[in-house]
Amino acid sequence: MNYDLDFRYRRALQPDGLATIPTATQAVIDAMQDARNAGIDPARDPATILLARHVGRIALGHAPDATFAEDAPLRRQCIERIDELKSKPALVALARRGVGYDPEAKRVFQREARSALRIAARQLGLGPDDYDLRANPGGIAVSGEITLHADTIYVQVALYCMGAGREVMFRRCKGRQDYIGERNHYCDVAVLADPVRFRATVVRETRLELEPRQTELV
């Protein structure tokens, strides 16, 4: 199974941070690898093409945030692809695919798991200082573990040998030094990718009273 990420599309749409030839060139190299991981020919990938054009324009002295009318069709393709990927979380695709013996896929899996847990934390009513987020990289054959540990809830994401549907383990705990906790519960990683659904699952299984954290107004 191939997997695609929206990062290169977003980067291609806003490349103003790529202000030097080396950084812009590295962005192209990264985009080409991401495209290959998605099963897409980099020569036909709109994000890779836009980033390659950006390198040439930087070399010609154009400002990093300059826009060009000729890029409009490629930009539209990038926007469309981002919209498509909203319903296809990379975390889920990687879990189905597996990441053993694939260092790049493992790196992306762990990054996406951390991101998913941070989003889930807000749905569980946790602020940034209310939990610890830890990573155990594990060996080359395994996914490693990403763990969210709060005062009353412990959540761990990992690809074990128990089959699909049990990638996320969660349980009640008594403080951040409690590494045993109460009964383990499991759910599919796709549930974690839907924060509202994940909170409902945690509340139902653990009987914890958890309310989403409200967005702070500035």
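User: How many nonpolar, polar and charged residues are in the lining of the largest pocket?
Analyst: This is a predicted model, in which local features need pLDDT of at least 70 and side-chain atom pairs count only at pLDDT 80 or more, while totals for chains, interfaces and linings use all residues. Residues are numbered from 1 along each chain as its sequence is written, and side-chain values use heavy atoms, without hydrogens and water. With Ala, Val, Leu, Ile, Met, Phe, Trp, Tyr, Cys and Pro as nonpolar, Asp, Glu, Lys and Arg as charged, and the others, Gly among them, as polar, the lining of the largest pocket has eleven nonpolar, one polar and six charged residues.

User: What space lies in the largest pocket?
Analyst: A pocket is an open set of 1 Å grid points over the protein atoms alone where a 1.4 Å probe fits, with protein on both sides within 12 Å along at least five of seven lines; lining residues have an atom within 4 Å of a point. Volume is the space filled by probe spheres set on the points, joined across faces, edges and corners. For the largest pocket this space is about 420 Å³.

User: Which of its lining residues are the closest to its centre?
Analyst: The largest pocket is lined by 18 residues. The closest to its centre are Pro-89, Ala-90, Glu-112, Ser-115 and Ile-119.

User: Which element gives the most to the lining of the largest pocket?
Analyst: Helices are DSSP runs (H or I, at least four residues), numbered from the N terminus. Two or more lining residues come from each of helix H1 (7-13), helix H5 (90-97) and helix H6 (103-123). The most, four residues, come from H6.
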